[in-house]
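Thanks for coming, everyone. Please have a look at the sequence and the model on the screen. I will keep this short.

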Amino acid sequence: MASKILKIAPLEAQNQIELSLRQALELLEPQLRPPFPLTIPTPEEYSQLNWAILYGVLCEPHFAKIQIKYLHAVVTDGYCFFVNLLTTIVDELYSKLVKSARIQLISLVSEMIYVSAVGIDGLLASLLRQIVGGDFSDGNLWLCFELVSLFLCKWNWLVEEEPQVLRNGLHTYLRVLSDHCRFSGDSKLEALRRIEIEFCIKVLREQFHLCLRIGRDLIRLLQDLVHVPEFRAVWKDLVLNPGEFKTQEFEDISQLYRQRTSSRYFLLRITPEMESQLRFLLTHVKLGSQKRHQAWFLRKFLSGSERETLIIDIVRFICCGHHPSNDIIQSDVIPRWAVIGWLLKSCRKSYVEANVKLALFYDWLFFDERIDNIMNVEPAMLLMVNSIPKYVAMTHTLLEFLLLLVDNFDSERKDIIVKGVASSFGMLARKGVVGSIHVLTSCDALSPPHKEWLGRCFESWSFYRIAASPSS
Amino acid sequence: MVTLKDMVPAAQNNINTQFIILDKGKTTLAGDYKKCLALVADETAAVHFELWGDECDVFDGGDIISLVDGIFSYNRKNLVLRAGKKGKVEKVGEFCMAFVETPNMSEIRWIPDPNNPKKYVQDAVISPYSLIFPPVP
């Protein structure tokens with residue numbers, strides 16, 4: 001049976017959610033036109049009513065106004081059930097929704113903001129997750145435009161009621177701007193770029209105290225936009241005039257370095273479907289048998305050269321958003337470092353590769369064992385160590401990059417970064433993630449300057465001496 | 001529901017199972033119909049699946065398929081799983097299925113059971129892996 005709201009391929013199983021929605025509408029359609037029944041619905045009837053109204057709005061735009069009015073009349077739970085249903089549809093079906101249903105969905109979201117519906121923050125987060133890095137399709141750009149317009153339109157509500165949504169929005173739009181600003185000649189992107197910049201600058205300049213909570217990834221995202229005049233000005237102020245942000249507690253950029261970014265932001269940048277596939281790969285697929293799953297993943301999410309920037313988000317997620325249990329780590333399931341190695345090798349563009357390496361090492365730069373998690377830094381270490389000797393070029397390129405980072409990331413605050421990197425190495429050695437750093441410093445294929453730098457790094461922090469005896 | 005390793009060739013539409021498509025061969029024309037051979041697998045075994053008509057275009061590697069009333073039998077000299085005229089296939093998901101590529105049920109020689117000639121039993125392994133779709137190194 002053809003679907004009214006979904007793009008269904010031939011021979012695809014009927015979607016269960018859509019089936020329930022359609023059945024509810026078929027059952028209750030007569031009730032959804034005036035005169036409306038005045039009886040109070042039972043809980044079961046209430047659910048059915050929500051399903052029917054939602055489906056009706058999504059597939060019959062001309063009746064939507066009446067049906068929404070009815071929802072407003074019968075609601076008893078602050079729209080919680082309705083919004084949860086909408087969120088489920090976004091998480092599981094957004095990519096399959098036809099254009100008209102997506103348009104209706106956005107108008108429903110706007111309506112739910114208007115009534116301050118319970119769970120609206122979750123719904124908006126789910127929608128932001130559907131904005132995909134590296135995706136320049138009309139559908140994705142349309143969603144970017146609709147959501148940022150909504151945020152600007154509902155600015156006061158966001159500031160007063162939903163600061164986390166504001167943070168989520170800033171994180172998302174700084175990220176996609178890095179894609180959208182890369183192709184400055186494209187007129188299709190011009191209007192979108194302008195409004196996205198307007199939103200981000202407004203958040204940064206007017207609500208900086210809210211931005212602080214994002215933590216160190218805010219810096220990583222801003223650095224990629226330094227070539228854009230509005231952001232260059234923000235950057236200058238961050239580094240030289242922190243007072244410009246009129247936030248009492250913000251005195252120096254290093255405060256942002258020291259704030260770990262919550263894993264919620266790394267989830268924001270991948271869709272639920274990518275998340276399930278990545279988690280499946282890292283939980284159920286054995287090392288040695290991963291080739292077919294990897295090929296399918298590449299074909300589905302990374303085909304097309306402009307798509308590559310998504311790899312940066314995926315690596316950030318793997319390091320900080322997916323921490324396997326000890327059982328999995330000790331089993332023969334493909335480890336995170338191997339998946340990251342594969343993703344790194346899939347990069348064709350050098351600026352993407354550099355950003356992926358930065359994503360991999362980012363938490364090393366400011367590692368503080370009191371607040372940081374060793375699981376965020378473990379994959380980089382294991383990738384370096386396990387690439388010796390067969391793929392030692394990988395170890396070499398990673399160490400070289402790390403060295404470059406330490407020297408150039410923030411030359412004014414190099415001491416913080418050296419301390420961070422040394423703490424990472426030290427903790428990794430102490431916790432037995434590697435036998436000792438000796439495995440790196442004694443590797444013949446590494447250049448003497450690299451080995452010397454490593455040696456100096458540890459001596460200055462004594463971790464080299466604390467580390468266990470060298471592995472073979 | 002039967003797992004792939006428990007299938008036995010029979011001239012009956014008695015196979016209800018679920019599997020993931022690993023690889024697809026070229027589509028050829030058999031009279032008026034399109035057909036194409038695929039390597040499919042579940043957690044227990046792999047087998048060659050013969051896709052017919054629209055199935056050839058619509059399904060691809062990574063698709064998880066549900067088969068109802070399928071048939072596992074000799075089609076010319078090939079032992080294949082297929083929907084057949086009475087069976088139905090449907091895509092029910094993607095990616096999230098672990099699988100093995102050995103044993104391959106199509107690469108096994110079957111002989112009639114000496115005790116019950118109407119049934120087949122395994123006689124010998126022709127090849128542990130598919131000879132048509134070798135494992136990806």
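One thing before we start. This is a predicted model.

Let's begin where the chains meet. Together the two chains bury about 1,800 Å². Of that area, 62% is on carbon and sulfur atoms.

Now the charged links. Four salt bridges run between chain B and chain A. One of them pairs A:Arg292 with B:Glu101. Their closest N and O atoms are 2.9 Å apart. Polar contacts are there too. Eight residue pairs make such a contact across the interface, with both residues at pLDDT 80 or more.

Which elements of chain B give two or more residues to the side that touches chain A? Keep S6 of chain B in mind. We will meet that strand again.

Next, the empty spaces. Rolling a probe the size of a water molecule over the atoms shows where empty space is left.

Start with the largest pocket. About 1,300 Å³ of space lies in it. Its lining has 39 residues. Which of them lie nearest the centre? Those are A:Glu92, A:Ser95, A:Lys96, A:Glu273 and A:Lys300.

S6 of chain B supplies at least two residues of the pocket lining. So do four helices of chain A: H4 (80–93), H7 (138–153), H16 (272–284) and H17 (291–301). The largest share comes from H16(A), with five residues. By class, the pocket lining has 16 nonpolar, eleven polar and twelve charged residues.

Now the cavity. The structure holds one cavity of 30 Å³ or more. Who lines it? The list is A:Phe136, A:Asp179, A:Arg182, A:Phe183, A:Glu306, A:Thr309, A:Lys349 and A:Tyr351. That makes three nonpolar, one polar and four charged residues.

On to salt bridges in general. Over all chains, the structure holds 33 of them. Let me pick one inside chain A. The side chains of A:Arg175 and A:Asp313 meet in a salt bridge, at 2.9 Å from N to O. Why pick this pair? A:Arg175 lies in helix H9, residues 163–180, and A:Asp313 lies in helix H18, residues 310–321, both of chain A, so the pair ties together parts that are 138 residues apart in sequence.

Last stop, the backbone. Which residues does a cis peptide bond join in chain A? The bond joins A:Ile388 and A:Pro389, with omega about -5 degrees. A:Pro389 sits in the loop between helix H22 (374–386) and helix H23 (392–408) of chain A.

Chain B has a cis peptide bond as well. This one joins B:Thr102 and B:Pro103, with omega about 0 degrees. B:Pro103 is in the loop between S6 and strand S7 (108–113) of chain B.

One more residue to look up. A:Ser116 has a phi near 45 degrees, a positive value in a residue other than glycine. Where is A:Ser116 found? Look in the loop between helix H5 (99–114) and helix H6 (120–129) of chain A.

That's my tour. Thank you.

Key:
Residues are numbered from 1 along each chain as its sequence is written. Chains are lettered from A and ligands numbered from 1 in the order in which they are written. This is a predicted model: local features need pLDDT of at least 70, side-chain atom pairs count only at pLDDT 80 or more; totals for chains, interfaces and linings use all residues. Side-chain values use heavy atoms; hydrogens and water are left out. Buried area is the accessible area (1.4 Å probe) that two parts lose on being put together, summed over both. A polar contact is a pair of N or O atoms within 3.5 Å; within protein, one must be able to donate a hydrogen and the other to accept it, and residues adjacent in sequence count only if both atoms are side-chain atoms. On a 1 Å grid over the protein atoms alone, a cavity is a set of points where a 1.4 Å probe fits but cannot get out, and a pocket is an open set with protein on both sides within 12 Å along at least five of seven lines; lining residues have an atom within 4 Å of a point. Grid points are joined across faces, edges and corners, and a volume is the space filled by probe spheres set on the points. Ala, Val, Leu, Ile, Met, Phe, Trp, Tyr, Cys and Pro count as nonpolar, Asp, Glu, Lys and Arg as charged, and the others, Gly among them, as polar.
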